[in-house]
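The sequence and the structure come first.

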Amino acid sequence: MVEVNPPKLPGMLHAQLEGRWQRVLITDNPFKQVRVSPYAFAARITHDVPDVRPTVVCSTRDRNILAIESEVRGALGNGVDSFLVVQGDMLPEVEHWSNSYEIVEHLRALQETIGPGAFEVGMSTRSRQWMFQRRIAVGGQFFTTGPVMDPLSVRPTAERLGLADAPPVYLELTPPVSPNWVRRIENVGGARMGDGLRSLIASTPASEQRILGWRVAKAIAVEARAAGFAGIVIMGLRFETAVGEAYDAWHDEAITPLELTTPPPDRDLAETR
């Protein structure tokens with residue numbers, strides 16, 4: 001799955017997904033940047049690019065329960081059947097009018113009204129088992145965690161969660177395409193990168209860092225599958241990157257996963273959402 005941002009104004013940007021990704025995660029005004037409603041954007045995708053299945057991020061920021069449930073009901077009528085409930089941005093500081101646990105409870109109740117299997121409700125989680133179990137108990141049917149930028153962070157994250165007999169968990173990753181990008185992701189809660197990979201990126205010529213970043217991303221995906229994650233979510237990209245460079249790099253067999261050469265470090269991981 002790849003994360004995409006809706007456009008700032010209505011248009012046919014979503015048509016560029018045709019023949020590209022089959023699963024997309026639609027963001028909800030990240031970093032307080034006002035964009036087209038993710039519910040409306042997802043509805044246009046289901047109508048105009050039916051081979052693509054969107055999952056809508058339901059942010060509790062700036063909305064109450066009635067507003068979110070109303071948006072979900074409208075999206076359901078347009079063929080959208082997957083929703084990921086998150087608390088939303090913490091930095092920069094924004095208002096949070098609703099509680100993500102309450103939203104999941106309301107959507108699961110709506111699910112019972114419409115009929116089991118009508119749609120799915122997921123939640124984001126940090127890689128802490130107590131939080132993961134609490135969110136399973138409240139009714140989350142699938143989960144996302146991360147993002148990570150280092151393949152050696154994957155197995156500790158899986159072990160910390162405990163994936164056996166749990167609902168599907170998707171690992172968020174972002175390709176570490178430059179030292180500046182690594183610092184930015186870490187500053188907003190991404191898992192910290194190990195010193196070895198950090199040094200490798202810093203010593204790689206700038207002209208080669210993006211290819212290295214995609215090799216690292218592919219290595220994370222390999223580790224995620226081996227560790228028991230249900231899949232991965234590629235995040236943090238501009239829309240034009242998601243439908244262009246990202247798709248091409250991900251399907252380019254010449255860009256091979258970076259080989260792991262050091263054992264996983266014993267360290268805590270910072271989280272997002």
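Helix H5 spans residues 154–161, and its buried residues are Val154, Pro156, Thr157, Ala158 and Leu161. The model is predicted, and the values below are computed from it.

- Just after H5, the residue Gly162 has a positive phi of about 75°.
- In an α-helix there are 3.6 residues a turn, so residues three or four places apart point the same way.

**Helix H8 against helix H9**
- Helix H8 covers residues 209–227 and helix H9 covers residues 239–250.
- The axes of H8 and H9 come within 10 Å and cross at roughly 70°.
- Angles of 65 to 115 degrees count as roughly perpendicular, so H8 is roughly perpendicular to H9.
- On the H8 side, the contact is made by Arg210, Trp214, Ala217, Lys218 and Ala221.
- On the H9 side, Thr241, Glu245, Ala246, Ala249 and Trp250 make the contact.
- Sorted by class, the contact of H8 with H9 has 6 nonpolar, 1 polar and 3 charged residues.

**Gln111**
- Gln111 lies in helix H3, which runs over residues 100–114.
- Is Gln111 buried or exposed? Its relative accessible area is 2%, and the cut-off for buried is under 20%, so Gln111 is buried.
- Leaving aside neighbours within four places in sequence, Gln111 is in contact with Pro116, Phe119, Glu120, Val121 and Gln141.

**The chain as a whole**
- The secondary structure of the chain consists of 9 helices and 8 strands.
- For 273 residues, a compact globule would have a radius of gyration near 19 Å; the chain has 18 Å, which agrees with that expectation.
- The C-alpha trace spans about 55 × 40 × 35 Å along the principal axes of the chain.
- Of the 273 residues in the chain, 53% are buried.
- Among contacts with a separation of 6 or more, 76% are between residues 24 or more positions apart.
- The chain has an accessible surface of about 12,600 Å², and carbon and sulfur atoms account for 50% of that surface.

Technical notes:
Residues are numbered from 1 along each chain as its sequence is written. This is a predicted model: local features need pLDDT of at least 70, side-chain atom pairs count only at pLDDT 80 or more; totals for chains, interfaces and linings use all residues. Side-chain values use heavy atoms; hydrogens and water are left out. Axes are lines fitted to C-alpha atoms, for helices over the stretch in contact, and angles run from 0 to 180 degrees between N-to-C directions. Helices (H or I, at least four residues) and strands (E, at least two) are DSSP runs, numbered from the N terminus. Angles under 35 degrees count as roughly parallel, over 145 as roughly antiparallel, 65 to 115 as roughly perpendicular and the rest as oblique. Contact means heavy atoms within 4.5 Å. Ala, Val, Leu, Ile, Met, Phe, Trp, Tyr, Cys and Pro count as nonpolar, Asp, Glu, Lys and Arg as charged, and the others, Gly among them, as polar. The radius of gyration is taken over C-alpha atoms; the globule rule is 2.2 Å times the number of residues to the power 0.38. Buried means under 20% relative accessible area, exposed over 50%, partly exposed in between (1.4 Å probe, protein chains only). Accessible areas come from the Shrake-Rupley method with a 1.4 Å probe; for residues, only the protein chains shown count as cover.
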